[in-house]
Amino acid sequence: MPLALEGKKAIVAEVSAAAKDALSVVVADSRGVTVEKMTGLRKQARENGVQIRVVRNTLARRALSGTQWECLNDSFVGPTLLAFSTEHPGAAARLFKEFAKQDQNFEVKALAYEGELIPATDIDRLATLPTYDEAIAKLMSVMKEASAGKLVRTLAALRDQKQEAAA
């Protein structure tokens, strides 16, 4: 059923607003995926700060024109599912990668991060990005190791000094 002009404008405005706030965008094809599985995917997406939209290709191109996500225009062929990561850049990529493992009909077409087009084969570039908490934990462990190593070196130097003084 054709959309009225006002409906199209509303869709373009919604997608543009989501794109403006997005940290990354993933484009996928969900042909053949059951409604039940898609409902589950949408639920997981909401829990992970990912907005999912099914948009007509012409409306998607219009909504993303003039944004850093314009590089995705060539991937808008066939049914298009857009996922906008709003809290963490790798959230949508991680979610779609896991979902594609569970459902063979689900296909990731392309990704974009900071205006750079990433082919679907390189989905791990985004999917493996650490979350904020993971990054802080890694930083703290490195700092802890560095301080422990410095303490060990200091104690070894003191031991060496005492041995020299005793000799």
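In what order do the five strands of the open sheet lie? The order is E2-E3-E1-E4-E5, and the pairing is antiparallel. The model described here is predicted: local features need pLDDT of at least 70, side-chain atom pairs count only at pLDDT 80 or more, and totals for chains, interfaces and linings use all residues. Residues are numbered from 1 along each chain as its sequence is written, and side-chain values use heavy atoms, with hydrogens and water left out.

## The sheet

Helices (H or I, at least four residues) and strands (E, at least two) are taken as DSSP runs and numbered from the N terminus. Two strands count as paired if DSSP finds at least two bridges between them. Strands of a sheet pair through backbone hydrogen bonds, either parallel or antiparallel.

At the edges of the sheet stand strand E2 (50-54) and strand E5 (116-119), each of which pairs on one side only. From one strand to the next the twist averages 20°. Axes for such angles are lines fitted to C-alpha atoms, for helices over the stretch in contact, and angles run from 0 to 180 degrees between N-to-C directions.

Strand E1 (residues 24-29) is joined to strand E4 (residues 107-113) by six bridges in the antiparallel sense. Within this pairing, Ser-24 has Tyr-113 of E4 as its bridge partner, and Val-27 has Ala-110 of E4.

E4 also runs antiparallel to E5, with four bridges between the two strands. Here Ala-112 stands opposite Leu-117 in E5. E4 and E5 form a hairpin that leaves two residues between them, and Glu-114 in the turn has a positive phi of about 50°.

How many of the seven residues of E4 are buried? Five are, and the strand is mostly covered. Buried means under 20% relative accessible area and exposed means over 50%, with partly exposed in between (1.4 Å probe, protein chains only).

Helix H1 (residues 5-21) lies across E2 and strand E3 (81-85), and runs at about 40° to E3. Contact means heavy atoms within 4.5 Å.

The side chains of Glu-14 and Arg-53 meet in a salt bridge, with 2.3 Å from N to O. Glu-14 lies in helix H1 and Arg-53 in strand E2, so this pair ties together parts that are 39 residues apart in sequence. Glu-14 is partly exposed, with a relative accessible area of 43%, and Arg-53 also counts as partly exposed, at 22%.

## Salt bridges

A salt bridge is a side-chain nitrogen of Lys or Arg within 4 Å of a carboxyl oxygen of Asp or Glu. By this rule the count comes to six. Side chains of opposite charge can pair when their charged atoms come close.

| Pair | N to O distance | Location |
|---|---|---|
| Glu-14 and Arg-53 | 2.3 Å | helix H1 and strand E2 |
| Glu-47 and Lys-43 | 3.9 Å | helix H2 (residues 35-47) |
| Lys-101 and Glu-98 | 3.5 Å | helix H4 |

Glu-47 and Lys-43 are four residues apart, about one turn of helix H2. Glu-47 is exposed, with a relative accessible area of 56%, whereas Lys-43 counts as partly exposed at 49%. In helix H4, Lys-101 and Glu-98 are three residues apart, again about one turn. Lys-101 is exposed at 53%, and Glu-98 is partly exposed at 38%.

## The phenylalanine cluster

Rings of Phe, Tyr and Trp (its six-membered ring) pair if their centres lie within 6.5 Å; planes under 30 degrees apart count as stacked, over 60 as edge-to-face and the rest as tilted. By this rule there are two aromatic pairs.

Phe-96 and Phe-106 form an edge-to-face pair, 5.0 Å centre to centre with 85° between the planes. This pair links distant parts of the chain, with Phe-96 in helix H4 (residues 91-102) and Phe-106 in the loop between H4 and E4, 10 residues apart. Phe-96 is buried at 0% relative accessibility, and Phe-106 is buried at 4%.

Phe-99 and Phe-106 form a pair that is likewise edge-to-face, with 4.9 Å between centres and 85° between the planes. Phe-99 has a relative accessible area of 5% and is therefore buried. Through these ring pairs, Phe-96, Phe-99 and Phe-106 are linked into a cluster.
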